[in-house]
Every structure is written in structure tokens, then in C-alpha cells.
Amino acid sequence: QVQWVESGGGLVQAGGSLRLSCAASGRTFSSRSMGWFRQATGKEREFVAGISSLGGSTYYADSVKGRCVISRDNAKKTVYLQMNSLRPEDTAVYYCAPTAGASSAVAVGSWGQGTQVTVSS
């Protein structure tokens, strides 16, 4: 059973940056495409960014394109989300999860506990 532990969230002013990390346990991490998702209070969880199993392909939601970079280190079983030029509307709990395919925005499997990102104006 693979588990995900997200970290790196916090309180930041608008225009600031954060780097989120998602550490995986289990032996199948390097064979799985991964994604970051977020859920703001009162809203449904939404896709943010995805990356293929070997990291050669990345894709982003329009709302974060140009401001976020997803990456992964398969040796460390970790996926990252570098978030720049943060906006108050980026405030949410951020989660990582495997995705259904190399360019899929659909999460599969279980969720971790998430990490809270709060952007003040």
C-alpha cells in the first residue's frame, strides 16, 4: 500500500513562493504518473499539475500555468510543486496522488493528509 505525505505548505504573502513536497512509500512510485491537486474551503478538489512517471512530460491547469513547476525525484520517491507569484485564490489544501495516465488530470488511489497553503493579500 503506497502512502503519500505532503509537506511544505504555509502562510505567504501574495507574490511569494512555496515549494511543496510529496514523499511516497512503497515500491511502485517510479512507475506511476503523479499529480498535485487542491481543495479550497467550500469547493471541489481540482487538478493543479501532473507529471509522467519518468518526469519527461508535465502539464498544468490554466489557473497555474506559468507560475508553477512540477518535478520529481524517483530516487527519493518524491514529487515537488514549486509555486511562484502566489495569489490569494491559490489558498487551499494541496494533495498529491497518482494519476490515471501520463497526461491525465484524474486522480487514482488514496489521498494523503494534504498541506495547507494560505496566501494573504
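Colleague: In what order do the strands of the open six-stranded sheet stand?

Modeller: This is a predicted model, so local features need pLDDT of at least 70 and side-chain atom pairs pLDDT 80 or more, while totals for chains, interfaces and linings use all residues. Residues are numbered from 1 along each chain as its sequence is written, and side-chain values use heavy atoms, without hydrogens or water. Strands are DSSP runs (E, at least two residues; helices are H or I, at least four), numbered from the N terminus, and two strands pair if DSSP finds at least two bridges between them. The pairing in this sheet is mixed, and the order is S2-S10-S9-S4-S5-S6.

Colleague: Which strands are at its edges?

Modeller: Look for strands that pair on one side only. They are strand S2 (10-13) and S6.

Colleague: Which residue in S6 stands opposite alanine 49?

Modeller: S5 and S6 are antiparallel partners, joined over three bridges. Opposite alanine 49 stands tyrosine 60.

Colleague: Which residue of S3 is the bridge partner of tryptophan 4?

Modeller: S1 and S3 run antiparallel and are joined by four bridges. In S3, tryptophan 4 has as its bridge partner alanine 24.

Colleague: How many residues does the largest nonpolar core have?

Modeller: Such a core is a set of buried Ala, Val, Leu, Ile, Met, Phe, Trp, Tyr and Cys residues joined through side-chain atoms within 4.5 Å. Those with the most contacts inside it include Trp4, Trp36 and Tyr94. Tyrosine 94 is in contact (heavy atoms within 4.5 Å) with residues beyond its neighbours within four places in sequence, among them Trp36 and Leu81. The size of the core is 31 residues.

Colleague: Is lysine 77 buried, partly exposed or exposed?

Modeller: Lysine 77 is in the loop between S7 and S8, with a positive phi of about 55 degrees although it is not a glycine. Buried means under 20% relative accessible area, exposed over 50%, partly exposed in between (1.4 Å probe, protein chains only). At 29%, lysine 77 is partly exposed.
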